[in-house]
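Here's a quick briefing for anyone meeting this structure for the first time. Have a look at it, then read on.

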Amino acid sequence: MRAGGAGELFGTNGVRGIANSELTADMALNLGRTIGTLRQGKIAIACDTRISSSMLKSAVSAGIMSTGSDVVDIGIAPTPALQYYVKETDCSAGVIVTASHNPREYNGIKFVQENGVEFYREMDEESERVYMSKKFRIAEWSEVGQLYQDNSGLRKYIEAIINSVELDKSYRVAVDCGNGAGCFTTPEILKELGCDVYGINCNPDGRFPARNPEPVEASLDLLKKAVVDFRADFGVAHDGDADRAVFVDEKGNFVNEDVMLALMAKHYVEKNGGGLVVTPVSSSKCVEDAVKMAGGEIIYTAVGSPVVAKVMIEKKAVFGGEGNGGLIFPEHLIARDGGMSVAKVLELLDEKRKRLSELAAEIPRYHIVKGKVECREKKRLLEGLKEEFPEANHIDGARIDFEDGWVLIRPSGTEPIARVYAEAKTEDRARELYELGLRAIKKILG
Ligand code: MG
């Protein structure tokens, strides 16, 4: 089980595990009972393309109906499409069955709030208490919930996206959906925005025969080649549930995810004439630089998309996101959204009249050094970091900023390790800051 975060069962992204061994139909049934106990009324559900998704979705649905709540099944859909559906309809909650970027044997179950935002950590903790207590609501025979299908879920999502951008030109785009849920939306979004589309791995297949669901640069050779051969303006690839999007420029070069986050943050601050951008402390300094260049401000949060979403709502941010391809466009939905990311990159190219490689080159570059060390005394490390670096940002570990770079020392929520990230203008300086992080851990833990 991928535990950590909230407690034993719920991690930073709901419940995750290998299907039918770590995440079973029994567990899915009880997770359905849990959400039905916590939220009454209609609950929307969707899943990704995984082989185990139908099994788990059926079990969750049965659990929900046993509590007296109705289930609205919108079929196979990207996570943001389910979230948008929950936000736009009178559903009291949503459930998405997906393991996102994890390998094919995994699956997962994640709860969504009435407003389409994923459950916050404290809500997952409450869910876990109900799940563990097994004190579920049980409906009378005559009050058992019903199952409805709504095939309009994908359409609602696609239309919201195509209506949110206006393009003067038409573009050529290569898209790699990785055989995941994005197959049902992104090619369609692009076509309806007038693009010529070259699709790779755009047939849904839960065996993920072409590549791992995580769109890392090393697995995108086919996409890079397609961009060049097709003379595309850019290429885009999704993870299994298409809440993330990563990009390849018109020359076939992968664009670093932090650079994409910085580009889009800058675009949003410029469009809004200022404003706040929310991102985790692990994001590159290039995001802060780009936001400040455009006259905006940055707010750092702990790592994890639910807390980014929460702070975006509290602070009325104009934009937010993570440096892994998860971009959040608040006027549409406060959630990472792969389909919307594609539409907004088109908007950016259209407004700036520049190539993606040119836009990326305008973002300041940093060198990053990442590593990890064993750490079994997380509390002691955190306390020591506060003493050692009182001026640092302690929202999640310690991020120590310098004129020319920063270092983040952060105990993992799931493993007995501490991660160290260092970033600076030169590789030597990044290495120096990294060593400083390692020395600090050694000094504190002895
Ligand atoms: Mg995902």
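The largest cavity holds about 40 Å³ of space. A cavity here is a set of points on a 1 Å grid over the protein atoms alone where a 1.4 Å probe fits but cannot get out, and its volume is the space filled by probe spheres set on the points. Keep in mind that this is a predicted model, where local features need pLDDT of at least 70, side-chain atom pairs count only at pLDDT 80 or more, and totals for chains, interfaces and linings use all residues. Residues are numbered from 1 along each chain as its sequence is written, and side-chain values use heavy atoms, leaving out hydrogens and water.

**Cavities**
- Searching the whole structure turns up four cavities of 30 Å³ or more.
- Lining the largest cavity (an atom within 4 Å of a point) are N13, R16, T98, S100, K110, D241, D243 and R336.

**Magnesium site**
- S100 (OG), D239 (OD), D241 (OD) and D243 (OD) are the protein donors of the magnesium ion, at 2.0 to 2.1 Å from it; donors are N, O and S atoms within 2.8 Å of the metal (3.2 Å for Na, K and Ca), and water is not among the atoms, so sites may look incomplete.
- Along the chain, these donors are spaced S-x138-D-x1-D-x1-D.
- D239 and D241 are both buried, meaning under 20% relative accessible area (1.4 Å probe, protein chains only).

**Sheet**
- An open sheet with mixed pairing is built from five strands, ordered β8-β7-β9-β10-β11; strands are DSSP runs (E, at least two residues), and two of them pair if DSSP finds at least two bridges between them.
- Strands β7 (residues 172-176) and β9 (residues 234-238) run parallel, joined by four bridges.
- D176 has A237 in β9 as its bridge partner.

Terms used:
1 Å grid on protein atoms, 1.4 Å probe; cavity = no way out; pocket = protein on both sides within 12 Å on 5 of 7 lines; lining within 4 Å. Buried < 20%, exposed > 50% of the residue type's maximum accessible area, 1.4 Å probe, protein only.
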